[in-house]
Amino acid sequence: MSIQSPAAGWFKAPSGSERVWIGIAMAWCIVMTIAMPYWLFFGKQNSTGEAYRVTPADFAARVGTFVESHKVGELQGVPIVEPAPGGDAYLLARMWQWFPVLKLRKGQTYRVHISSMDLQHGFSLQPLNMNFQVLPTYDHVLTLTPTSAGEFTIVCNEFCGIGHHLMTGRILVEE
Amino acid sequence: MSSITVSGGIPDRAPAGNHAPGAVRTCATTGLSICEVSSRFVRWHAVAAVVFLLIGGSAAILLALTRWPAVHLLSAPWYYRVLTLHGLNMLIFWILNFEVALLYFVGTTLLKSRLYSKTLAWVGFLMMVAGAIVVDVAIFQGKSDVLMTSYVPLLAAPAFYLGLILVAVGCLISVINYFGTVYIAKRDHTYEGSVPLVVFGAHAAAIIAVLTLLHAAAAIVPAFLWSIHLIDVPDPSWYRSTWWGLGHMSQQVNVCAMVSVWYFIGALTVGAKPLSESVCRGAFLLYILFINVASAHHLLTDPGVSAAWKIWNTSYAMYLAVLASMIHGFTVPASVEVAMRGKGFRRGVFGWLTAAPWSNPAFSGFLLSLVIFGFGGGITGVVLGTQQINIMAHNTLRIPGHFHVTVVGGTTLAFMAVTYYIVPLVFQREFVARALCRIQPWIFGIGITVFATGMSFAGSYGVPRRHWDVEFSGAQFATGFDSGAHVMLGIMGVGGVIAATGLFLFIGLVVATVFFGRSNAGRAMTPWHVERSSGEVARHDTDHEEHHTPGTLVLTGVFLLSFVVYYFANWKWLSDVWQVR
């Protein structure tokens with residue numbers, strides 16, 4: 001019984017149905033172990049964590065340069081910025097805004113740099129439901145290829161103070 | 001035959017304990033020797049645990065009624081304040097206090113030992129309670145709305161961190177007191193051979209608890225020093241990985257404690273014994289060895305952490321800790337099946353299950369806990385912790401949807417179930433309103449399952465966790481979620497109300513029993529269940545019988561099938577989102 005000391009000689013290899021189940025469970029664990037590296041090499045959706053250290057001031061300066069050189073319009077007072085296909089794009093997170101609005105083309109690949117000016121934030125692209133962590137002093141680079149066109153919302157899904165639920169942004173994708 | 005099948009179960013050849021004269025009593029129900037000093041601290045920690053459960057539970061219902069969009073009860077500042085309160089009181093204060101009570105109980109009772117040190121027990125208890133009060137007061141003062149994780153550079157009042165440090169150190173002292181008890185039991189030869197399996201599981205919990213508490217110190221002490229301006233702000237990435245060494249590992253303490261409680265209740269209610277001691281112990285060993293890398297589960301979409309690191313660590317090396325859970329998930333019901341078949345309940349595949357002592361709330365709570373933890377928590381946990389799939393889950397309601405079925409439907413329900421024995425045996429009070437006791441696990445278990453199902457599927461629509469307003473009213477860019485998400489949040493709200501009803505019923509029953517229950521001192525407790533005869537002759541387990549568990553094989557087969565389907569469905573959904581590296 002589990003509440004009494006076992007009789008001597010309790011160390012035995014599993015047998016019967018228990019042995020069968022352990023075999024099945026181990027096989028399933030091996031399948032799952034292989035699935036992740038397989039997807040890293042052959043799948044199209046991965047979080048590789050590519051990042052560089054950056055001070056908030058430096059990052060803000062890069063965002064400023066990016067907006068100045070690639071601005072194509074304005075949406076509700078926020079600049080719309082269109083990076084060159086294959087080029088770098090910048091997205092700045094701060095209490096409680098995503099800045100600027102990005103305009104991308106479907107099927108093109110961009111290196112999207114995301115960092116925070118203040119607290120931790122959560123980049124959550126809706127309604128696709130893709131989520132990445134954003135930290136201050138880390139330039140998180142997502143090599144992103146939109147595969148659908150339309151108007152997408154970025155919401156913040158890491159608690160960042162009382163206005164957390166107000167923090168929304170936009171990504172526009174053209175065919 | 002009474003439901004307490006362990007009556008007289010302690011053989012006469014058992015060695016004597018190491019108690020001072022008069023400091024021990026023999027339990028009239030189980031024949032176990034109960035250390036009077038240890039019992040006092042079991043009672044104190046249990047009382048503290050239930051008080052924090054009440055605080056955390058009151059917070060829970062307010063939160064459920066806020067995230068149910070049709071109700072949206074609290075204001076934004078109060079939502080985040082109450083969420084901070086809920087997380088800490090439930091995940092830390094309730095559960096740690098109950099676990100210390102369990103460690104003291106199994107360490108002294110099953111090893112027939114006295115408690116190592118009364119002084120350490122007092123110091124540990126007082127620090128844990130004082131620390132928790134300091135934290136709760138700091139939260140209500142309104143300057144510590146940082147949620148449970150207190151991610152830097154989010155800043156709380158110094159008292160908030162100080163309270164947490166007090167709780168962690170107090171808990172560490174209590175765990176040391178447990179190890180001291182194990183040491184003197186061994187030294188004084190109070191038991192023969194190896195420790196019982198339940199104690200082995202408690203060892204695993206205690207060892208992981210030490211690792212957890214060291215991580216707590218490593219994360220919270222720098223945050224405290226920063227809050228009083230002695231050091232610079234800690235690196236946010238470093239803080240996250242260290243904090244989750246506390247945050248996730250503590251959940252594995254809960255898993256070990258819960259699994260031990262499953263074995264304990266299985267033994268108490270149907271006389272179950274493990275199919276193979278070495279397999280069960282090996283599985284606990286796997287927890288100790290491989291569970292410490294689980295902090296990676298929370299960093300799967302973080303910057304600055306490589307894909308290789310994420311993949312290796314999130315899989316617990318090679319899913320070896322998952323393997324451990326799958327082993328317990330088989331061997332626990334299988335041991336019940338073998339015990340019931342041994343009593344003669346051999347009809348069909350599930351005759352043993354229908355004849356099980358369902359009118360015993362400890363048994364129904366235990367089996368519900370097993371099913372909810374396995375089907376709900378186990379499957380979602382592995383899938384969400386798959387590195388790439390986590391892109392569709394990180395910080396959405398899928399995450400709390402997962403851990404409300406592990407730590408609430410699993411651990412908390414198992415702890416409630418064992419309380420239906422701890423109160424009669426340690427407080428020596430007969431439960432009041434026994435009909436309500438019998439339905440309480442069902443109300444709580446069904447409620448939390450409905451709640452977590454709504455939460456998980458709302459999360460699949462992208463609804464964030466820890467978020468006050470899914471309508472985003474007043475936000476710069478108007479947005480919102482699919483109507484399906486609102487339906488799911490409504491289901492979550494209804495489930496939350498049902499679960500809270502079960503929770504308050506539990507607290508009410510325990511409090512009423514401790515204060516007004518009939519004393520059973522010197523007598524056996526009134527059994528929860530009177531076993532009917534199977535109509536067949538009970539027979540002793542032969543080697544063949546021990547491995548004849550067709551019912552469990554069917555149940556675990558259904559489990560594995562659900563697991564495989566949900567796992568590959570998620571890979572399919574992932575292949576539909578944008579490409580990203």
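Predicted model: local features only at pLDDT ≥ 70, side-chain atom pairs only at ≥ 80, totals over all residues.
User: How many residues of chain B are in contact with chain A?

Analyst: Contact means heavy atoms within 4.5 Å. By that rule, 104 residues of chain B touch 84 residues of chain A.

User: What area do chain B and chain A bury between them?

Analyst: Buried area is the accessible area (1.4 Å probe) that two parts lose on being put together, summed over both. For this pair of chains the figure is about 8400 Å², with 65% of it on carbon and sulfur atoms. Phe477(B), Trp578(B) and Arg581(B) supply 14% of the area that chain B buries against chain A, more than any other three residues.

User: Why is the pair Glu158(A) and Arg466(B) called a salt bridge?

Analyst: The term asks for a side-chain nitrogen of Lys or Arg within 4 Å of a carboxyl oxygen of Asp or Glu. The closest N and O atoms of Glu158(A) and Arg466(B) are 3.7 Å apart, so the pair meets the cut-off. In general, side chains of opposite charge can pair when their charged atoms come close.

User: Why does the pair of Glu158(A) and Arg466(B) join two chains?

Analyst: Glu158(A) lies in the loop between β11 (150-156) and β12 (168-174) of chain A, and Arg466(B) in the loop between α14 (434-460) and α15 of chain B, so the pair joins two chains. Helices (H or I, at least four residues) and strands (E, at least two) are DSSP runs, numbered from the N terminus. Glu158(A) also meets Arg240(B) in a salt bridge, at 3.8 Å from N to O. Across the interface of chain B and chain A, the rule finds 3 salt bridges.

User: How do you know whether Glu158(A) is buried or exposed?

Analyst: Buried means under 20% relative accessible area, exposed over 50%, and partly exposed in between (1.4 Å probe, protein chains only). Glu158(A) has 2%, so it is buried. Arg466(B) has 11%, so Arg466(B) is buried as well.

User: What does the salt bridge between Asp302(B) and Arg240(B) tie together?

Analyst: The closest N and O atoms of Asp302(B) and Arg240(B) are 2.6 Å apart. Asp302(B) lies in the loop between α8 (277-290) and α9 (307-314) of chain B and Arg240(B) in helix α6 (residues 236-247) of chain B, so this pair ties together parts that are 62 residues apart in sequence. Both Asp302(B) and Arg240(B) are buried.

User: What makes Arg341(B) and Glu337(B) about one helical turn apart?

Analyst: They are 4 residues apart in helix α10 (residues 316-342) of chain B, which means a separation of about one helical turn. Arg341(B) and Glu337(B) form a salt bridge at 2.9 Å. Arg341(B) counts as buried because its relative accessibility is 4%, and Glu337(B) is buried at 0%.

Note on methods. Residues numbered from 1 in each chain as written. Chains lettered and ligands numbered in written order. Heavy atoms only, no water.
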